[in-house]
Amino acid sequence: MIKVRVYREGEELTTVPVADLSEVRKEPDVLIWVDVVSATQEELAAMGEEFELHPLVLETWRSHHRRPRVEQFHDYVMIVCYTVEQADADPPAELYEVDLVCGRNFLVTVHKGRPVDAGAVAARIRAHPELADQGGGFLLYVVLDELVDAFFPALDAIGERVEDLEEAVFEGRTQVQSDLFRLRRDMVAVRRVAGPMRDAMQVLLRRDLGLFGEEARRYLQDIYDHLIRVVESVEDYQDLASGALDANLSVVSNRVAEVARTLGAYAAIFAVLTTIAGIYGMNFTHMPELRWRFGYPGALGLMVLSGAGLWLFFKRKGWL
């Protein structure tokens, strides 16, 4: 599906056919935003023809799960980036790839699903008609801002999961370790795309592309700052999750040590009882206590006293 939006001085024009885009984008003071959702091969080819795109751009659109990056062509740039869509259940977010091609006065976004809030983007464009002079750079900023801002609710959800798991660790709840590993996997997935996106924006800002004015570059710098916050937040949460995992391992190790110590104490008690029973169970003819009238109750009394004494000893040491 292809949705074409053409703006002049902040006002959206009537529907423009895809076949006319090559002519419309030659007009002055025109901004074109084309949102391509789950497109067919024919629709992608039509976009490439209308905007005179390099075959490598079309190849990127046909493939998926590419690393975030910026590629510069003759009079436009291609940006591969990602966004997240908040979910109600665990895991809290799912990553989506969004490919953007930005020229002097146009922007093409290609993706699957609905990670781009087209209504919010259109509202922001209409709300700032004075920025139309910035051309495609302003369109790029608005769309990237929507995509990057979607990371923050997901990071808030991850932060809540970290806090809950930290409480669970110190409360001694079960099944914490598997939840921690799932959480770390989610954070690694976010960091795997957020870090390269930050680097890509840095490349975009440092190159003198001749496509963006000074004001547009200032807005794009704001996107770069947001990505730095995303990466730093993920790193902080990873450190907290690692600390929670280490604490959980320590709690488990301490619990195992306590169980082993308790079992060792009881083993020592029964070892003494077994020794006494073994000695008085030997049927030698010349054992002094063998024919003693009080030998049996005496042996039982010695076993009780020995066991009770050891039990009190280990109890005072905190082993039982």
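## A walk through the predicted chain

Arg66 is placed in the loop that joins α3 to β4 (69-72), where helices (H or I, at least four residues) and strands (E, at least two) are DSSP runs numbered from the N terminus. This is a predicted model, in which local features need pLDDT of at least 70 and side-chain atom pairs count only at pLDDT 80 or more, while totals for chains, interfaces and linings use all residues. Residues are numbered from 1 along each chain as its sequence is written, and side-chain values use heavy atoms, with hydrogens and water left out.

With a relative accessibility of 27%, Arg66 counts as partly exposed, a class lying between buried (under 20% relative accessible area) and exposed (over 50%), with a 1.4 Å probe and protein chains only. Not counting residues up to four places away in sequence, Arg66 touches Glu59, Thr60, Val80, Tyr82 and Glu97, contact meaning heavy atoms within 4.5 Å. The C-alpha atoms of Arg66 and Val80 are separated by 7.3 Å, although the two residues are 14 apart along the chain.

The protein chain as a whole holds nine helices and seven strands, and 42% of its 320 residues count as buried. Among contacts with a separation of 6 or more, 66% are between residues 24 or more positions apart.

The crossing of α2 and α3 is right-handed, a crossing being right-handed if the near helix is turned clockwise from the far one by less than a right angle, and left-handed if anticlockwise. Here Gln41, Leu44, Met47 and Gly48 of α2 meet Leu58, Trp61 and Arg62 of α3. By class, the contact of α2 with α3 has four nonpolar, two polar and one charged residues, with Ala, Val, Leu, Ile, Met, Phe, Trp, Tyr, Cys and Pro counted as nonpolar, Asp, Glu, Lys and Arg as charged, and the others, Gly among them, as polar.

Within helix α2 (residues 41-50), the buried residues are Leu44, Met47, Gly48 and Glu50, and these pack against β1 (2-8), α1 (21-24), β3, α3 (55-62) and β7 (106-111). Just after α2, Glu52 takes a positive phi of about 55°, and this residue is found in the loop between α2 and α3. At 62% relative accessibility, Glu52 counts as exposed.

By class, the contact of α4 with α5 has eight nonpolar, no polar and three charged residues.

The largest nonpolar core has 61 residues, of which Trp33, Leu100, Leu140, Leu144, Leu204 and Leu220 touch the most other members; such a core is a set of buried Ala, Val, Leu, Ile, Met, Phe, Trp, Tyr and Cys residues joined through side-chain atoms within 4.5 Å. At least two residues of this core come from each of β3 (31-37), β5 (76-86), β6 (93-103), α4 (118-127), α5 (136-149), α6 (151-171), α7 (176-206) and α8. Leaving aside neighbours within four places in sequence, Leu140 is in contact with Ile79, Leu100, Cys102, Leu107, Leu204, Phe212 and Leu220. A second, separate core of 24 residues includes Val34, Phe51, Met78 and Val101.

Helix α8 also holds Val231, which is buried, with a relative accessible area of 3%. Val231 touches Ala194, Gly195 and Arg198, not counting residues up to four places away in sequence.

Finally, α8 (residues 214-280) and α9 (residues 295-316) pack at an angle of about 165°, with their axes 9 Å apart, which makes α8 roughly antiparallel to α9. The crossing of α8 and α9 is right-handed, and by class their contact has 15 nonpolar, two polar and no charged residues.

Key. Axes are lines fitted to C-alpha atoms, for helices over the stretch in contact, and angles run from 0 to 180 degrees between N-to-C directions. Angles under 35 degrees count as roughly parallel, over 145 as roughly antiparallel, 65 to 115 as roughly perpendicular and the rest as oblique.
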